[in-house]
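Dear colleague,

Please find below the structure that I am handing over to you. My notes on it follow directly after the entry.

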Amino acid sequence: MDTDAIMSAVTLSLLCGLVAVALALPVGTGLAWVLARREFGGKPVVEALVLLPLVIPPVVTGYLILMVFMPTSPVGRLLEMVGMRVAFTWLGAALAQAVLALPMLVLSLRVAFESVDPELEEAARSVGASGLRVFFRVTLPMSWHGMVAGCLLALARALGEFGATVMVAGNIEGETRTLPLAIYSAMSSPEGGTTAAGLVVIAIAMACAVLGVCRWVSGRTGLVSAIRPRTRPGSHA
Amino acid sequence: MRAKPLLLMALLVLCGAWSGGCDEASSRAPAVEKTKLRVAIAASLQDVMADMREVMQRELVADIEFVPGASSTLAKQIEAGLDADVFISASSEWVDYLEKQALTTRGTRLNVAGNRLVVIAPSNSSSVPTSLRDLKEAAFHPIAIGDPAHVPAGRYARQALEAVGVWNDLKGKTADAPDVRAALAFVTSLQCRVGIVYQTDVAKRLDVRVCFPVDPLLHKPIVYTGVVVNRTKDPETAYRLVGWLTGPRGAEMFRSEGFLPPQ
């Protein structure tokens with residue numbers, strides 16, 4: 001069993017997964033809040049676009065991301081000028097995972113925000129609080145269970161991402177070979193059987209750990225209830 | 001703020017910092033500023049190059065990192081932005097491919113080694129093929145080869161099978177692997193009863209046996225071609241690496257691990 005390869009894969013997965021959630025969070029929060037609280041003309045289109053990475057094959061999403069960030073593309077050239085490279089780096093892996101985890105994040109955050117009584121937000125606004133203040137003082141404290149649950153779901157999705165990661169970041173040991181890629185590589189090499197088995201056990205354990213933390217955060221009420229807490233009597237459902 | 005969310009955030013930050021720190025530690029600059037070379041190598045070269053690494057690092061005064069893979073996959077990745085300094089392909093056509101995209105440095109292209117294809121089967125096989133024509137038999141299907149569309153080992157195998165006239169009977173009967181080592185893995189894991197790989201891939205293995213070598217005249221010559229990728233930050237050391245492989249030490253190491261001299 002190649003313990004170095006295992007350590008490298010686990011460390012890389014954690015790094016990329018956490019960075020992916022960090023990247024997806026601001027975008028996801030904004031999108032979820034707009035979708036939860038606002039009505040506008042192109043809303044169905046935005047909803048469809050947000051769900052897209054969830055339904056199209058991850059390899060396709062990876063291909064599109066690669067096309068955008070290749071060093072020869074306009075965006076790629078811009079980044080090269082400031083010395084940044086996305087393709088075939090751990091940052092590219094994190095970016096791919098962020099895009100793939102975004103739909104899950106937006107879905108859970110949206111439900112969490114929708115479960116907050118809008119009348120409370122209205123009340124805060126009526127006494128002069130700005131939009132951001134309302135979010136951080138009213139919406140966030142009431143929906144943080146759901147937000148953390150959403151982040152954990154997004155993390156689990158990011159940790160398990162394969163197709164888009166291998167497309168955008170390749171499969172470079174120590175740089176972009178995350179857990180799922182390491183399992184695939186181990187299986188593709190003649191003596192990797194035990195390494196693959198070890199990695200599989202760790203992958204399952206990590207997924208269980210994420211779910212466990214989710215339960216702990218939601219106070220043992222379960223994942224779904226964490227996202228949509230019970231409404232108080234007398235308030236609108 | 002209550003304790004739980006704070007504790008959770010602290011945990012996440014710690015995880016991120018720890019894994020980020022691990023990354024930092026591995027890229028901390030050593031006391032002496034040594035060139036770091038990333039060498040993209042054909043999958044079949046990973047063992048011999050790993051054995052060469054220490055000597056190469058000492059003699060070239062550089063830190064060398066290998067990125068193994070199918071020559072085709074590596075070439076496409078280099079095209080898409082992979083930061084490699086040197087590329088050593090199992091066929092000249094993938095070096096030609098990069099040359100056409102102006103991604104290689106002129107005058108740094110060298111043939112470093114050769115190889116031979118062999119047909120293999122698991123050691124405990126009761127019946128094995130004795131010639132390429134035997135591969136028509138359904139008992140040996142699917143045949144493990146590198147993807148004949150792009151992997152050099154797969155292309156050479158296809159050329160040989162076409163030359164003896166059995167390729168058309170093997171459509172849909174081959175297990176196309178992403179690189180030659182994965183093709184070997186198909187056979188060692190007993191998913192395939194027969195495979196076509198390089199003789200160097202199985203030289204020291206006990207779990208597979210060589211049924212027969214493939215006549216080199218049936219396919220294009222197997223020539224490992226090394227070249228400097230023009231994206232490199234140190235073209236001089238990169239070229240010295242390619243040159244080292246054709247020098248006495250390099251040639252000796254290739255020979256000792258079963259590779260043929262370059263043509």
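Leaving aside residues up to four places away in sequence, A:Pro58 touches A:Leu100, A:Arg157, A:Glu161, A:Gly163 and A:Ala164, where contact means heavy atoms within 4.5 Å. A:Pro58 belongs to helix α3 of chain A, residues 58-69; helices (H or I, at least four residues) and strands (E, at least two) are DSSP runs, numbered from the N terminus. Its relative accessibility is 30%, so A:Pro58 counts as partly exposed (buried means under 20% relative accessible area, exposed over 50%, partly exposed in between, with a 1.4 Å probe and protein chains only). A separation of 9.6 Å is found between the C-alpha atoms of A:Pro58 and A:Gln97, which are 39 residues apart along the chain.

As to conventions, this is a predicted model, in which local features need pLDDT of at least 70 and side-chain atom pairs count only at pLDDT 80 or more, while totals for chains, interfaces and linings use all residues. Residues are numbered from 1 along each chain as its sequence is written, chains are lettered from A and ligands numbered from 1 in the order in which they are written, and side-chain values use heavy atoms, with hydrogens and water left out.

Chain A has 11 helices and zero strands. Its C-alpha trace spans about 65 × 45 × 30 Å along the principal axes. Of its 237 residues, 47% count as buried. Among the contacts in chain A between residues at least 6 apart in sequence, 73% join residues at least 24 apart.

Two packed helices are described by the angle between their axes and the distance between the axes. In chain A, the axes of helix α1 (residues 3-37) and helix α9 (residues 179-187) come within 8 Å and cross at roughly 150°. Axes are lines fitted to C-alpha atoms, for helices over the stretch in contact, and angles run from 0 to 180 degrees between N-to-C directions. The crossing angle therefore makes α1(A) roughly antiparallel to α9(A) (under 35 degrees counts as roughly parallel, over 145 as roughly antiparallel, 65 to 115 as roughly perpendicular and the rest as oblique). A:Ala9, A:Val10 and A:Ser13 of α1(A) make this contact with A:Leu179, A:Pro180 and A:Ala182 of α9(A). By class, five of the residues in the contact are nonpolar, one is polar and none is charged; Ala, Val, Leu, Ile, Met, Phe, Trp, Tyr, Cys and Pro count as nonpolar, Asp, Glu, Lys and Arg as charged, and the others, Gly among them, as polar.

In chain B, helix α2 (residues 46-60) and helix α9 (residues 248-256) have axes that come within 10 Å and cross at roughly 165°. α2(B) is therefore roughly antiparallel to α9(B). On the side of α2(B), B:Val48, B:Asp51, B:Met52, B:Val55 and B:Glu59 meet B:Arg249, B:Gly250, B:Met253 and B:Phe254 in α9(B). This contact has five nonpolar, one polar and three charged residues.

Chain B also holds an open sheet of five strands in the order β2-β1-β3-β10-β4, with mixed pairing (two strands pair if DSSP finds at least two bridges between them). Its edge strands, each pairing on one side only, are β2 (62-69) and β4 (110-114). From one strand to the next, the twist averages 20°. β4(B) and strand β10 (residues 223-228) of chain B run antiparallel and are joined by four bridges, and B:Ala113 stands opposite B:Tyr224 in β10(B). Helix α2(B) lies across β1 (35-42), β2 and β3 (86-89) of chain B, running at about 165° to β2(B).

With kind regards
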